[in-house]
Amino acid sequence: MKHLLSTQDLSRRDALDILDTAEEMARVGQREVKKLPALRGRTVVNLFFEDSTRTRISFEAAAKRLSADVINFSAKGSSVSKGESLKDTAQTLAAIGADAVVIRHWASGAPQRLANTDWIDAKILNAGDGTHEHPTQALLDAFTMRRHWAKLAGTDSAGTDLSGMRVAIAGDVLHSRVARSNVWLLRTLGARVTLVAPPTLLPVGVESWPCEVSYDLDATLEAGVDSMMMLRVQKERMHDSFFPSAREYSRRWGFDDARLDALDRHGLKDTIIMHPGPMNRGLEISSAAADSPRSTVLDQVSNGVSVRMAALYLLLAGGRDVEDHSTEAVTEGIPA
Ligand code: NCD
């Protein structure tokens, strides 16, 4: 794996490697000293052209836990607002000696562009590009589901995939890179995916995606789901009116209190409710659902750090055993 640009081109083997390595990273996160020296002396740049809370701090925490030097670059307040091109920014980062660039960009395809030119010779990790992909979000979602089901089965999640699991992804699919990355990855890992949205919020060509499509959230719940993933209504990308009103949207497409009760009524006692954040409470998800014991929203955030550690580790230090580094961590600094 040279870069991490999308889940569409991720093989099952690569995906499982990342998830299994993330399990090892999660164990590091439970120690008193949550740090490995694996990326000591390496520089990771977080290059963010769009706002972000979770993804940026998660990548920062991940790189720091691996002892990398981290440079946070946000387009606001930088020379980008003076009109600097992506090429000049990339060449500047190359001159600084960046080993990996984590890029979030409003333009679909920007990470691919960085990876395919000779502007910079660094590992590129896509942290969300336009409405295209958000691979580490899908990986942390898959990691969260895999852990949940392994726990139910009383087994170890390492090495397992998501065969036979029913995942529904509901909401603003049209503008969602999270939905796209999840559809590809979940399918690669053997899950059955159903997209649920109003027709206006489904992209052209969705019928050729490897998933089912429904316009009826209640019918989807009644048919049975193991994981219900809600998507944010992305108002900042909406330059048109896609549904009559917020009230109408939440009545038909939101995961409200009545639908939370419906899970119990349908006997779906182990179904989890997911959301990548940030949430519009009261619109696509009710507070009772977001804060219920079924909600994995905060687990997704913690798991994000482990998954991003795994991705950075495999790209920058690939091949070495994680535990090799932890031995260094223990002996480091102790005089011989
Ligand atoms: C997602 C994103 O930025 O694409 N959020 C995230 O990374 N946690 C989803 C969203 O913004 O709705």
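How many residues of the shell around the ligand are nonpolar, polar and charged? I looked this up first. The shell divides into two nonpolar, six polar and three charged residues. I counted Ala, Val, Leu, Ile, Met, Phe, Trp, Tyr, Cys and Pro as nonpolar, Asp, Glu, Lys and Arg as charged, and the others, Gly among them, as polar.

I noted the ground rules. This is a predicted model, where local features need pLDDT of at least 70, side-chain atom pairs count only at pLDDT 80 or more, and totals for chains, interfaces and linings use all residues. Residues are numbered from 1 along each chain as its sequence is written.

**Ligand shell.** I listed Arg54, Thr55, Gly128, His134, Gln137, Arg177, Val178, Arg232, Gln234, Pro276 and Gly277 around the ligand (C-beta atom, placed from the backbone, within 6 Å). Helix H2 (54-65) and helix H6 (177-188) each give two or more of these residues. Helices are DSSP runs of H or I, at least four residues, and strands are runs of E, at least two, numbered from the N terminus. Domain 1 (3-133 + 300-317) and domain 2 (135-299) each supply at least three shell residues; the bounds come from an automatic or database assignment.

**Helix pair.** I checked H1 (residues 12-29) against H11 (residues 297-316). They pack at about 115 degrees, axes 7 Å apart. Axes are lines fitted to C-alpha atoms over the stretch in contact, and angles run from 0 to 180 degrees between N-to-C directions. Among the residues that meet are Asp17 and Met25 in H1, and Val305 and Tyr313 in H11 (C-beta atoms, placed from the backbone, within 7 Å). The contact has eleven nonpolar, three polar and one charged residues.

Notes: Contact = placed C-beta atoms within 7 Å.
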